[in-house]
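Thanks for coming. I have one structure for you today, so please have a look at it before I start talking.

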Amino acid sequence: MRIRRECIRFARGGWLAPLAMAAVLVLSPMAMPSANADTDYGGCVLFTNDRAATIDSLRFRCSPAQQDAIFLDAPGGNVPMGVKDGWVARPPEMQGWAPALWIGKTFYTGPEGGFLMNRLTGAGIEGWPADVYSGPALMDGRPTWVLNYAPSPTPQVYDEIREVTPGVWFGYSWWRDGGQVSLMLTFILA
């Protein structure tokens, strides 16, 4: 950062050194993230006012245990409305190739829910509908937004999402087969 280097160079000049060091601390980009951090889960940080930083943290800095803790700590939050971009958080092996197939969801919802269409391929073709409503989460029984794929070609898929920071939802995609439920992946919407 240009300002930082100039302040350090100026500080070597003498009597204004304390002022220059204060400018470095205030203007340094390294000092900013912790000041804006909403919640820190041991290096996995959620930022209330920075969606991109929250998404980056959920995708690349949070362990599965930290992601689970974030979901369990989150309230149900608001239902998403309109077009939302999507990212796979885990398994990490899917992060590279998933965007060729899935780029997010379009929510046709009101305060009580509604339905969604997945946005497929880079062209954003809509497909794979799901009903959207509030229900109990599989993990803890507390309120979550359910994305139920019963009306789709894959009725076994059942997603749950919670708003973890304003405008960012974290969720689980489950596969239901008879009485068995297994986790397929986790994902982020914003």
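Predicted model: local features only at pLDDT ≥ 70, side-chain atom pairs only at ≥ 80, totals over all residues.

Start with Ile 161. You will find Ile 161 in strand S8, which covers residues 157-165. Is Ile 161 buried or exposed? Its relative accessibility is 0%, and because buried means under 20%, Ile 161 counts as buried.

What does Ile 161 touch, leaving aside residues up to four places away in sequence? The list includes Phe 71, Phe 107, Trp 145, Trp 169, Phe 170 and Phe 187. Gly 76, Pro 80 and Leu 189 are also among the contacts of Ile 161. As for distances, the C-alpha atoms of Ile 161 and Ser 173 are 8.9 Å apart, and these two residues are twelve places from each other along the chain.

Now the rings. How many aromatic pairs does the structure hold? There are five. One of them joins Phe 71 and Tyr 172: the ring centres are 4.8 Å apart and the planes stand at 85 degrees, so this pair is edge-to-face. Phe 71 belongs to helix H5, residues 64-73, while Tyr 172 belongs to strand S9, residues 168-177, so the pair ties together parts that are 101 residues apart in sequence. Both of these residues, Phe 71 and Tyr 172, are buried.

Tyr 172 also pairs with Trp 174. Here the ring centres are 5.7 Å apart and the planes are at 20 degrees, so Tyr 172 and Trp 174 are stacked. Trp 174 is buried, as is Tyr 172.

The charged end of Arg 162 sits over the ring of Phe 71, 4.4 Å from the ring centre. In the other case, the charged end of Lys 105 sits over the ring of Phe 187, at 5.3 Å from its centre.

The largest pocket has a volume of about 460 Å³. It is lined by 19 residues, and the closest to its centre are Trp 102, Asn 118, Ser 173, Met 184 and Leu 185. Strands S4, S5, S8, S9 and S10 each give two or more residues to this lining. Which element gives the largest share? That is S10, with three residues. By type, the lining divides into 14 nonpolar residues, three polar and two charged.

That is the end of my part.

Terms used: Residues numbered from 1 in each chain as written. Heavy atoms only, no water. Helix = DSSP H or I, 4+ residues; strand = E, 2+ residues; numbered from the N terminus. Buried < 20%, exposed > 50% of the residue type's maximum accessible area, 1.4 Å probe, protein only. Contact = heavy atoms within 4.5 Å. Phe/Tyr/Trp six-rings, centres within 6.5 Å; stacked < 30°, edge-to-face > 60°. Lys NZ or Arg CZ within 6 Å of the ring centre and 35° of its normal. 1 Å grid on protein atoms, 1.4 Å probe; cavity = no way out; pocket = protein on both sides within 12 Å on 5 of 7 lines; lining within 4 Å. Points joined across faces, edges and corners; volume = space filled by probe spheres on them. Nonpolar A, V, L, I, M, F, W, Y, C, P; charged D, E, K, R; others polar.
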